[in-house]
Structure formats: structure tokens, C-alpha cells
Amino acid sequence: MENLSWLFWAYAAGWLLIFGYLFLIARKERGLRKKISELEETIEERWKRR
Amino acid sequence: MDRMVNEFDDKPAFPLWFGALAALAMLVHLYLVFVWVPTEATMGIVQRIFYFHVPAATVQFTACFVGGIAAILYLVTRDNRYDDLSLAANETVVVFGAVNIAMGMMWAKPIWGIWWTWDARLTSSFLLLFLYAAYLVIRPAAPVEARGTICAVVCILGMADVPLVYMSNRLFRTQHPSPVMGGGQGSGLAPEMMKTLFFGMFAMLLLWWCVLSVRRRVARLERAAADLTRRAHELDDLRRD
């Protein structure tokens with residue numbers, strides 16, 4: 001079982017990079033959805049006031 | 001007023017069954033790697049990094065081609081959907097490229113005794129990753145009206161670099177091992193190793209497609225947010241006039 005720790009850390013790094021990226025894009029998507037709904041409300045308000 | 005985020009964007013980025021299939025494939029792949037496949041005689045257990053390292057490179061190259069073809073289609077049609085696809089694919093090139101290089105380094109250290117060497121394969125892989133990272137830096141900095149075109153050109157250059165990376169350990173003597181498939185006399189893998197490798201590639205491609213679909217939807221949302229911001233400013237200007 002020589003080098004088992006290298007094998008473990010290599011797979012851990014691979015999965016961490018993939019899941020880390022997925023976490024970041026999921027967070028970005030939540031932020032964008034919030035921003036879009038706020039912008040839609042702003043536009044609707046301005047449209048009515050025009 | 002039309003809603004910018006249509007119903008399509010509220011649906012899952014990929015079908016649930018597809019995500020379940022990708023997750024199942026990755027679990028089966030882990031079983032094959034850690035339980036089923038025999039241990040390689042010379043390098044021992046650490047050689048099992050190979051079954052994730054090579055599929056990550058396969059996904060990286062596939063993403064380069066998908067991004068490059070989407071960039072060409074964007075230049076021909078000027079359809080923003082292709083630009084979104086290209087952006088999504090290029091970002092996954094960086095992610096899977098980083099996975100490939102990080103795992104390669106962790107394999108190199110116990111076997112070669114060094115983390116890194118500037119041989120043809122490693123250097124060309126690093127340059128490919130660097131080129132796509134540069135794409136991600138250039139994109140937000142480029143002027144909006146020319147952004148798609150500039151990015152498409154960078155992306156096509158990246159795609160053109162892939163054959164060079166692939167052929168580097170065939171064309172030059174490298175520290176990196178010769179290819180195990182089509183690498184000439186003495187190359188090849190045991191049948192169990194070959195099956196595990198191919199299954200790994202299949203599983204990783206399924207996973208990549210899920211990641212790509214999610215990123216593509218985020219790219220559409222980014223475009224919708226930019227359009228809405230512009231519209232809000234236009235209405236503001238009209239009101240002031």
C-alpha cells in the first residue's frame with residue numbers, strides 16, 4: 001500500500017476542483033436570478049412612471 | 001414587458017435521469033478503479049491516478065473542440081447561443097485541465113521524484129490551460145460589441161493547439177510516458193485496465209455534459225441580466241429627457 005496517501009490526495013484534489021466549480025456556478029446562478037428579478041421590478045416601475 | 005428569464009431557464013439544466021446516470025457512472029467508475037482493476041506491477045497503487053487523470057484530459061480536449069466549433073458557428077451566424085455554449089465549454093476546459101494537471105503532478109512526485117518538469121507534453125498542456133485562462137480574463141475586459149468576436153478567435157486558437165498537445169509525446173522525447181494507445185511497439189494496456197479507462201472516459205464525459213449544461217444556463221442568465229440593465233438605463237434616460 002505504498003503511496004496510498006498520494007492516491008487519496010490526487011482523487012481528493014480532482015473531486016474538490018469539480019465540486020468547488022459546481023458550487024461556485026450554483027452560487028453565481030442564485031445571485032443572477034435575484035439580480036434579474038430586481039431588475040424586472042425596477043423596469044416595471046419605471047415603465048409605469050413614464 | 002417581456003420577462004427576460006423565460007420558462008426554459010426555470011427548468012433543470014439537464015434531465016434528472018441524465019444526472020442520475022452520470023452519478024451512477026461515476027460511482028461504478030470508482031468501484032472499477034479501487035476494487036476491480038488489478039494493481040500495476042511497476043508503479044503500484046499510485047498508478048490508479050491514471051484512470052481519472054486521462055479521462056480529465058479527454059474531457060478537456062472534447063471541451064476545446066465543442067467550444068471551438070461553437071465559436072466558429074457564432075462567427076458565421078452571430079447567434080448568441082453559440083457564444084454562450086463556447087463560454088461554458090471554455091470554462092470547463094480550465095476546470096478539467098486543472099484537474100488533469102493537478103492529478104498528473106501528484107502522480108509525478110512519487111514516481112519521478114519531482115512535481116513538474118518543462119518537457120514537451122507538460123509545457124504544451126500548461127500553455128493550453130494558460131490560453132483558456134487568458135480567455136476568461138479577456139472576456140469581461142473586451143468591449144461588449146466586439147466581445148463575441150474577440151473571444152471566438154481566442155477560442156479557435158485554443159482548439160488549434162489541442163493536436164499539438166496530443167502529439168507532443170509522439171513528436172518529442174519526453175519525461176511524460178509514451179501513449180498507451182497507439183504508442184507503437186511495447187505500448188498497450190491489460191484488458192481490465194483498458195475497460196476501466198474507457199469507462200472512466202464515458203463517465204467523465206457524462207459528468208462534464210451536466211456541468212456544461214449548468215454553466216450554459218448561467219451564461220444565458222448573465223446575458224439576460226446585462227440586457228435588463230441596459231433596458232433599465234434606457235428607461236432612466238427617457239424619463240430624464
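Because the model is predicted, local features are given only at pLDDT of at least 70 and side-chain atom pairs only at pLDDT 80 or more, while totals for chains, interfaces and linings use all residues. Residues are numbered from 1 along each chain as its sequence is written, and chains are lettered from A and ligands numbered from 1 in the order in which they are written. The mean pLDDT (the predictor's confidence in each residue, from 0 to 100) of chain B is 91, and 94% of its residues reach 70 or more. The model as a whole scores ipTM 0.91 and pTM 0.91.

Chain B contains 7 helices and 0 strands, where helices are DSSP runs of H or I with at least four residues, strands are runs of E with at least two, and both are numbered from the N terminus. Its C-alpha trace spans about 80 × 40 × 30 Å along the principal axes. Of its 241 residues, 38% count as buried; a residue is buried if 20 or more other C-beta atoms lie within 10 Å of its own, exposed if 12 or fewer, and partly exposed in between, with C-beta atoms placed from the backbone. Two residues are in contact if their C-beta atoms, placed in that way, lie within 7 Å, and among contacts in chain B between residues at least 6 apart in sequence, 79% join residues at least 24 apart.

One packed pair is formed by helix 5 (residues 120-141) and helix 6 (residues 144-171) of chain B, whose axes come within 9 Å and cross at roughly 170°. Such axes are lines fitted to C-alpha atoms, for helices over the stretch in contact, and the angles run from 0 to 180 degrees between N-to-C directions. Helix 5 of chain B is therefore roughly antiparallel to helix 6 of chain B, given that angles under 35 degrees count as roughly parallel, over 145 as roughly antiparallel, 65 to 115 as roughly perpendicular and the rest as oblique. By class, their contact has 13 nonpolar, 5 polar and 4 charged residues; Ala, Val, Leu, Ile, Met, Phe, Trp, Tyr, Cys and Pro count as nonpolar, Asp, Glu, Lys and Arg as charged, and the others, Gly among them, as polar. B:Thr123 also lies in helix 5 of chain B, and it counts as partly exposed because it has 16 C-beta neighbours inside 10 Å.

A second pair, helix 3 (residues 50-77) and helix 7 (residues 191-240) of chain B, packs at an angle of about 45° with the axes 8 Å apart, which means that helix 3 of chain B is oblique to helix 7 of chain B. The contact between them has 12 nonpolar, 4 polar and no charged residues. In the loop between helix 3 and helix 4 of chain B lies B:Arg78, whose phi is near 60°, a positive value in a residue other than glycine. B:Arg78 counts as exposed because it has 11 C-beta neighbours inside 10 Å.

Turning to the partner chain, 36 residues of chain B are in contact with 31 residues of chain A. Helix 3, helix 4 (80-112) and helix 7 of chain B are the elements that give two or more residues to this side, and helix 7 of chain B gives the most, with 16 residues. The residues on this side of chain B divide into 26 nonpolar, 2 polar and 8 charged.
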